[in-house]
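Subject: Handover of a structure

Dear colleague,

Please find below the structure that I am passing on to you. My notes on it follow directly after.

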Amino acid sequence: MPHIFVTEDDPDIRTSIADVLAEEGYEVREFCNGEDTLRELKGGSRPCVLLLDLLMPEMGGQQLLDAIRCDPSLAQIAVVVITGAKAPAVDAEVLSKPFELGDLVAVVSRYCGHAGAKGRPSMPHPEPPDAVPGV
């Protein structure tokens, strides 16, 4: 089962993203800061994609992205920045907040393939779902 890392300091947003992706059939690991995520990556865990908020306390998203890109053993990890900042200059795809849940699933499926929702066959979403406030 493809697994995804979500690094976001806002617990409501992090949980909302994780819940949506878990419902789509992905295994999701949640992290509230860059330090915990980097420790897990350096321990050998390799997600198919890392969804990364830029503005976080402690080690922020940009610092984590820099650490990933500078480490040859981590540099190939796909990173999608999720942020409300206007046009951030980062070396990664950007998904701007607020975003539609269908856009989130589409981005993840580009990196991880479509896992197929739990209990039902894998199929595209016929209509875009509503956006989650604050996501």
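A word on terms before the helices are discussed: axes here are lines fitted to C-alpha atoms, for helices over the stretch in contact, and the angles between N-to-C directions run from 0 to 180 degrees. Please also bear in mind that this is a predicted model.

Overall architecture

The protein chain contains four helices and five strands. Their order along the sequence is β-α-β-α-β-α-β-β-α. The chain has 135 residues, of which 45% count as buried.

Helix packing

Two packed helices are described by the angle between their axes and the distance between the axes. For helix α2 (residues 34-42) and helix α3 (residues 61-70), the axes come within 9 Å and cross at roughly 20°. Angles under 35 degrees count as roughly parallel, and α2 and α3 are therefore roughly parallel to each other. Their crossing is right-handed. On the α2 side the contact is made by G34, T37, L38 and L41, and on the α3 side by L64, A67 and I68.

The axes of α1 and α4 come within 11 Å and cross at roughly 65°. Here too the crossing is right-handed. Helix α1 contributes I17, V20 and L21 to the contact, while α4 contributes L101, L104, V105 and V108. The residues of this contact comprise seven nonpolar, no polar and no charged.

Nonpolar cores

The largest nonpolar core has 22 residues, and those that touch the most other members are I4, I17, L21, V49, L51, L104 and V108. At least two residues of this core are supplied by each of β1 (3-7), α1 (11-23), β3 (49-53), β4 (79-83) and α4 (101-112). The largest share, six residues, comes from α4.

What does V49 touch, leaving aside its neighbours within four places in sequence? The residues in contact with V49 are H3, I4, F5, A78, V80, V108, Y111 and C112. There is also a second, separate core of 17 residues, which includes L54, L65, I68 and V81. Of these, I68 was named above as a residue of α3 in the contact with α2.

Individual residues

T15 is placed in helix α1. Is T15 buried, exposed or partly exposed? Its relative accessibility is 33%, so T15 counts as partly exposed. Although T15 and E30 are 15 residues apart in sequence, their C-alpha atoms are 7.8 Å apart in space.

E58 is found in the loop between β3 and α3. This residue is not a glycine, yet it has a positive phi of about 60°. With a relative accessible area of 55%, E58 is exposed.

P98 lies in the loop between β5 (93-96) and α4. A cis peptide bond joins K97 and P98, with omega at about -10°.

Yours sincerely,

A colleague

Key:
Residues are numbered from 1 along each chain as its sequence is written. This is a predicted model: local features need pLDDT of at least 70, side-chain atom pairs count only at pLDDT 80 or more; totals for chains, interfaces and linings use all residues. Side-chain values use heavy atoms; hydrogens and water are left out. Angles under 35 degrees count as roughly parallel, over 145 as roughly antiparallel, 65 to 115 as roughly perpendicular and the rest as oblique. A crossing is left-handed if the near helix is turned anticlockwise from the far one by less than a right angle, and right-handed if clockwise. Contact means heavy atoms within 4.5 Å. A nonpolar core is a set of buried Ala, Val, Leu, Ile, Met, Phe, Trp, Tyr and Cys residues joined through side-chain atoms within 4.5 Å. Buried means under 20% relative accessible area, exposed over 50%, partly exposed in between (1.4 Å probe, protein chains only). Ala, Val, Leu, Ile, Met, Phe, Trp, Tyr, Cys and Pro count as nonpolar, Asp, Glu, Lys and Arg as charged, and the others, Gly among them, as polar.
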